[in-house]
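Welcome! Have the chain open in your viewer and follow along as we walk from strands to charged pairs to helices.

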Amino acid sequence: MASNKEALALVVDIGVGMSQTAPGFDSPLQITSDILQMIVQRKMFQQSKDELALILYGGDETNNDLADENNYQNISVVFSLSPANWHLFEEIQKIKPGNNPADLIDAIVVAADHLRRETEGKRGYAAKRVLLFTNAATPFNDHSLKVILDSLRLQDITVDAIGPSWGQEEEDDDENDRPDSPTQTNGHNGDSASARPTTNGNHHNRNQKKPLTPQQKTGIRIINDIVNTTEGSLFTFREALGMLSIHQSKTVKPTATKYIMQLADIKLHICTYIQVKDNKPGIFRLKKVYARDPKSEIKVDRGRYTKDEHDEEIEKEELTDGFRYGTTFVPINKETLDDMKYQSEKCFSVIGFSDANMMRRSLYLGDTVYEVIAEPTYEEEAQTFTGLVQAMYDTNTVAIVRKCFSERSSPELGFLRPHIAHDHICMYYVKLPFAEDLREFNFDNLDVIKRNLPNDEQLKTVDNLITTMDLSHADRGREEAFQPELISNPYIQRMFQSIAQRAVTPDEPLSLSNTIMEMNDTLIQSIARKSKRTLDTVHEQFILRDTNRRQKVATGEALFGNNDISAKKARLEDNNEEFTTDSTSFEAQAAAKKKAAIKTVGTVTPVEDFRILIEQGSPSLTDVCKQMCTLIFDLINNSHGDSLFEKALQCIQCLREICIDKLEPKIFNDFEVVLKAHASDIDGRKDFWKKIVDEKISLITSEECIESNVIPVEAKKFLEEETAIQALNNAPINNEQDDEEEDLFDLI
């Protein structure tokens, strides 16, 4: 069994010194409680296999295996070593200040003994660690310290400590310059703990700065010796809060996918590892639970029924796949489906080579980048692989690859880019598109118009703007700011904070701020201040003006000139002649222009627009019908009284007529079911449904359209029912319908 988990004992000082603080400041014990909650929440969110124990010293109770009348008093193991759960979280919330003295060295011994007892004879532990929370204000006995340290080394137990201060200066710059500062591990600057929101939404005040007492100085010296001897680490509360306030995704062990890379007659054994992949944490996959009792299990039972008068249930074994071909479905059984699939085999073949400059960034496809290395067990092939990478690197070349993960997978096209850094040699694989994946767009060339060309002064200003907003040396210490590997996703952090706070305080409203933006606010403001003057210059040199362009109404007179048609008409009327102007071409051109301008169903002449779009055939019939359905709902909802009911009624009649003519009765029938539920159950809209009943505009039946499954009796019954509840319950819902048809039910 692989060693992949950690045994961690959380040792907390709850003595008098940990609860003393000035008004307006959080006590060390309060901050410790928040840090403990963060640790437990992180372990649970990560679904970590690590096991934790909680040990308190300085309280009124004594509960440990080493205690007797005189030794190891006021030390209590309140949570034995086990994976993190809400019981441990509740125990942390119950922590209260104690009034009794307890020896911190004795507490470390109890923790080490507990780890030994709980892990003895068990496998899978990669490390054993004691995490001590204290301000070193309580007396202790260090007479047996050397023996204890030898025992800790022998058991391979590491001791880390977290406290308000370990005697070093608290200056921001000094602390951030420390190479082992946890605040540098997440890429954020050293904002104070007061600016760092915790997972439960609270904001901590600054720790009260007080001179260290002689007892604390002695305690800090002893703790330093223990930590250094066991190769542990010291962290302040400020550092711990900064490190733990960022949600860390579940750790995934890198797993290699092995291929045989074929280059002509050469075969090389390689391994691929995921280097970059879009992170989709489990906090997005919410589950349906019973609201009254979330712990109760829910069983989902689905049924399939025929869409006819029999309403007969169909067993799963009687179903088969089908492809919609026009207005009918072509059944495809499993054997046919297997024959239809593209037959391939697992491969990683180099098709050829190309100039690296040909691989435009716009051609990168997919959400994953793979690192490709030679398989370590084949040393001779590894030398060949290294030579190939070096040659590609020297010639600025990429390899075009055909990759297929397995026999059941579709082949894909990609390229390998060489990468050489220090002593690490590899290639990166990126997926490329096929012809069907590309979308071509034609845009106007701005360089053709002379007025669009910037002058030298404008180019210089934009160049200055890029320089002032350059992130390469914008961070403290002239380092690169906002490095992708150090910046967390604010959306994920928000979800993490929200769920954590809701779990702790289910009845309180969410009051969270954007953690990531708060942590980087100082840096963002600094960059904004540096670039403000240049931005003002940009506004001055690139002036935006309103062109006052309005859509001009094109009249026949404006288009074709004034032929004095009115005078000609008057003259012919005086002679009792029929007015026959030579306007045939004018009317035809105007009608053609009008039809070409119609792209959507408008509110002025919806019926005419709908018929024109159907005649044009673009967009599709389903899309045009969806536009008409949306418009009908808008007319009903926005009508003052019944002022727009007549127009909505005309639209419904037109939609019904077109659906019959185009053999698409389902579109209208689904729409009318939803319309009835909407109109007949809302005050002020029942009159409209009464108009539909009076006009006898019911569902399209099988007698009117051969594609309809509704018989005349059902259509008549549909209009006679008072509400649409029964109709909706009886209407079969097919979860596998096309997305375009399902969107119809979202109109209301």
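## A barrel and its neighbours

Gln 262 stands opposite Lys 267 in strand β8. This is a predicted model, in which local features need pLDDT of at least 70 and side-chain atom pairs count only at pLDDT 80 or more, while totals for chains, interfaces and linings use all residues. Residues are numbered from 1 along each chain as its sequence is written, and side-chain values use heavy atoms, with hydrogens and water left out.

Let us stay with β8 for a moment. Strand β8 covers residues 266–277 and is joined to β7 by seven bridges, with the two running antiparallel. Two strands pair if DSSP finds at least two bridges between them. The names themselves come from DSSP runs, numbered from the N terminus: helices are H or I runs of at least four residues, and strands are E runs of at least two. Between β7 and β8 the hairpin has two residues, and Ala 264 takes a positive phi near 60° there.

Strand β7 spans residues 257–263 and contains Met 261. What is the bridge partner of Met 261 in β13? The partner is Phe 348. Strand β13 (residues 347–355) and β7 run parallel and are joined by two bridges. Is Met 261 buried or exposed? Met 261 counts as buried, at 1% relative accessibility. Here buried means under 20% relative accessible area, exposed means over 50%, and partly exposed is in between (1.4 Å probe, protein chains only). Met 261 is also 113 residues along the chain from Ala 374, and their C-alpha atoms are separated by 9.6 Å.

Seven strands close into a barrel, in the order β7-β8-β14-β17-β16-β15-β13, with mixed pairing. From one strand to the next, the twist averages 40°. As background, strands of a sheet pair through backbone hydrogen bonds, either parallel or antiparallel. Strand β14 (residues 365–374) pairs with β17 in the antiparallel sense over four bridges. Within that pairing, Tyr 370 has Tyr 429 of β17 as its bridge partner.

## Charged pairs

The structure holds 20 salt bridges. A salt bridge is a side-chain nitrogen of Lys or Arg within 4 Å of a carboxyl oxygen of Asp or Glu. Three of these pairs are set out below.

| Pair | Closest N and O atoms | Relative accessibility |
|---|---|---|
| Asp 113 and Arg 117 | 2.6 Å | Asp 113 12%, Arg 117 39% |
| Arg 116 and Glu 120 | 3.6 Å | Arg 116 31%, Glu 120 55% |
| Lys 431 and Glu 412 | 4.0 Å | Lys 431 28%, Glu 412 16% |

Take the pair of Lys 431 and Glu 412, which have 4.0 Å between their closest N and O atoms. Lys 431 lies in strand β17 (residues 424–432) and Glu 412 in strand β16 (residues 412–421), so the pair ties together parts that are 19 residues apart in sequence. Glu 412 counts as buried, while Lys 431 counts as partly exposed.

Asp 113 and Arg 117 give another picture. Both lie in helix α4 (residues 104–119), four residues apart, about one turn of the helix. Asp 113 is buried, and Arg 117 is partly exposed. A network of salt bridges links Asp 65, Asp 113, Arg 116, Arg 117 and Glu 120.

## Cysteines

How many disulfides does the structure hold? The count is zero, where a disulfide is a pair of cysteine sulfur atoms within 2.5 Å. The sulfur of Cys 625 has its closest cysteine sulfur in Cys 659, at 4.4 Å, too far for a bond. Cys 625 counts as buried at 1% relative accessibility, and Cys 426 counts as buried at 0%.

## Two crossing helices

Finally, look at helix α20 (residues 645–661) and helix α22 (residues 686–695), whose axes come within 11 Å and cross at roughly 45°. That makes α20 oblique to α22. Axes are lines fitted to C-alpha atoms, for helices over the stretch in contact, and angles run from 0 to 180 degrees between N-to-C directions. Angles under 35 degrees count as roughly parallel, over 145 as roughly antiparallel, 65 to 115 as roughly perpendicular, and the rest as oblique.
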